[in-house]
Amino acid sequence: MDALLIGFAGLFVLIGLIAIRMPIALSMILVGGIGVTILNGPAIFFSQLKTLAYGQFSIYDLSVVPMFVLMGNIASKAGLSRDLFRAANAWLGWAPGGVAMSAIAACAGFGSVCGSSLATASTMGQVALPELRRLNYSGALSTGTLAAGGVLGILIPPSIVLVIYAVIVEANIVTMFMAAMIPGLIAVVLFLITILIYVMINPESGPAGERPDRAEFISATVNLIPVLTIFGLVIGGIYFGYFNPTPAAAIGVFLVWIYGMARGFVKIPELRDALLETARTTGMIYLILLGAEMLKIFMSRGGVPQAMAEWMANSGLTPMTIMIILLVALIVLGCLMDSLSMILLAIPFFWPVLVEINGGDYVDAANAGFGMTTEDLKIWFGILALIVVELGLITPPVGMNVFVISAMAKDVPMIETFKGVMPFFMAEIVRVILLIAFPALTLWLPAYLSGG
């Protein structure tokens, strides 16, 4: 049987296994292992098993993953989310729709020390949902805001998924973190504007909260200082080259731990739980990475990515049309699986297509399909890909963030949550259009901070 046909057959089998809810890591390992065995024999497969896991897990850049996961787990137990929401509420909560705006601001802040969308949605839902209910916010606005706010955790640095993307395409993690900052801030601004418009159209959906007295305002603002300090040291240190992401994450873990102990929220039991949860999450991530690498080897030997790249390049479609097709495909995939799995599954297929239509691996961008070098394309496409991955987290029928928030707000029908999320979905579409139309929004900050 032709190798390419075997490769495509393996791809369909993988989709089928995922559809019947087999864990995606096991699905990729099974398809990749059997595929390599069919193409090259069992000796090659067993030879790979001897070194593949070590070779994959010993990549230094991946050492940042457990550190950022641990930082997020400790932060969720340290009361940091409460301080963020309290400070944001003191500044914004008195305005119509202000508590929902406070939730968005707090989600952005918590995402900057967490790096996980689901964790951001879950943690901030526990903190903000009671206040939104107390003030009689509509079910659609309150749950939609929290589900949408959770997606900020995947892009605002540090981001675990951004690290994984950088490893896959061999991009610089620090550069990707730099590139994510402006698009992340654009998302926050667009979400705040969305809430403002929503409340202007439906004033009863987002009543104003109480204006805090002077003492409460000062206290809430002062409690924000440790959070800003942690973010500034971790992300600022990375941006300005004082340390690499892994030591920066280690510093962040230490500071969040000290913060939690000082507040009395993180004692030995909480620290133990955070460590165990980090071990479980990191093990899951690394197993998916191993499966993705085995699948990538199989597909590469079968010639699937190369065939897709050649077909797209010869399709007669413009590079921008192909880019839009790939982004729409990511949104569809995002409805079916979690963001990390989607990045690991899709990017090894999509990235060769973009390199091919951009003109191949070279430095001179004069004749490039997108008018940029391959290195710039890595950055630009990476940010766009993560944004549409975010969209998958709030897109019907699966929308993982919607399920997380709906589990907390059992009195709000899920259809109402999806209705509440749709205005934010449209705001994300606006952000994607802006970043496609103006790549400088993504590329300017890395070039500026690196002196380019």
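Reply: This is a predicted model. A search of the whole structure finds one cavity of 30 Å³ or more, and about 30 Å³ of space lies in the largest cavity.

Me: What makes a space a cavity rather than a pocket?

Reply: The test is whether a 1.4 Å probe that fits can get out: in a cavity it cannot, whereas a pocket is an open set of points.

Me: Which residues line the largest cavity, and which helices do they come from?

Reply: The lining consists of Ala292, Leu295, Lys296, Leu344, Leu345, Pro348 and Phe349. Helix 14 (268–302) and helix 17 (339–358) each supply at least two residues, and helix 17 gives the most, with four.

Me: What is known of the largest pocket, and how much space lies in it?

Reply: About 990 Å³ of space lies in the largest pocket. Its lining has 42 residues, and those nearest its centre are Ser116, Leu118, Thr281, Met284 and Asp338. Helix 2 (24–40), helix 4 (64–77), helix 7 (117–134), helix 9 (160–169), helix 14 and helix 17 each supply at least two lining residues. Helix 14 gives the most, with nine residues. By class, the lining has 26 nonpolar, ten polar and six charged residues.

Me: And which residues lie closest to the centre of the second largest pocket?

Reply: The second largest pocket has a volume of about 510 Å³. It is lined by 20 residues, and Leu11, Ile15, Leu333, Leu345 and Phe350 are the closest to its centre. Helix 1 (3–19), helix 15 (304–313), helix 16 (319–334) and helix 17 each supply at least two residues of this lining. The largest share, six residues, comes from helix 1. The lining divides into 19 nonpolar residues, no polar residues and one charged residue.

Me: How do you know whether the radius of gyration of the protein chain agrees with that of a compact globule?

Reply: The value is set against a rule based on chain length. With 452 residues, a compact globule would have a radius of gyration near 22 Å; the protein chain has 22 Å, so the value agrees. The C-alpha trace spans about 75 × 50 × 50 Å along its principal axes.

Me: How many helices and strands does the protein chain have?

Reply: There are 21 helices and zero strands. Of the contacts with a separation of 6 or more, 78% are between residues 24 or more positions apart. Buried residues make up 54% of the 452 residues.

Me: Why is methionine 299 called buried?

Reply: Buried means under 20% relative accessible area. Methionine 299 has 1%, so it is buried. Methionine 299 is found in helix 14. Not counting residues up to four places away in sequence, methionine 299 touches Gly7, Gly10, Leu11, Val304, Pro305, Gln306 and Phe349.

Me: Why is glutamate 293 called buried?

Reply: The same cut-off of 20% applies. Glutamate 293 has a relative accessible area of 16%, so it counts as buried. Glutamate 293 is also found in helix 14. Leaving aside neighbours within four places in sequence, glutamate 293 is in contact with Leu52 and Gln56.

Me: What makes asparagine 136 exposed?

Reply: Exposed means over 50% relative accessible area. Asparagine 136 has 59% relative accessibility, so it counts as exposed. Its place is in the loop between helix 7 and helix 8 (139–150). Phi of asparagine 136 is near 65°, a positive value in a residue other than glycine.

Me: Why does glutamate 170 count as exposed?

Reply: Again the cut-off is 50%. Glutamate 170 has 66% relative accessibility, and therefore counts as exposed. Glutamate 170 lies in the loop between helix 9 and helix 10 (173–201). Phi of glutamate 170 is near 60°, a positive value in a residue other than glycine.

Methods:
Residues are numbered from 1 along each chain as its sequence is written. This is a predicted model: local features need pLDDT of at least 70, side-chain atom pairs count only at pLDDT 80 or more; totals for chains, interfaces and linings use all residues. Side-chain values use heavy atoms; hydrogens and water are left out. On a 1 Å grid over the protein atoms alone, a cavity is a set of points where a 1.4 Å probe fits but cannot get out, and a pocket is an open set with protein on both sides within 12 Å along at least five of seven lines; lining residues have an atom within 4 Å of a point. Grid points are joined across faces, edges and corners, and a volume is the space filled by probe spheres set on the points. The radius of gyration is taken over C-alpha atoms; the globule rule is 2.2 Å times the number of residues to the power 0.38. Buried means under 20% relative accessible area, exposed over 50%, partly exposed in between (1.4 Å probe, protein chains only). Contact means heavy atoms within 4.5 Å. Ala, Val, Leu, Ile, Met, Phe, Trp, Tyr, Cys and Pro count as nonpolar, Asp, Glu, Lys and Arg as charged, and the others, Gly among them, as polar.
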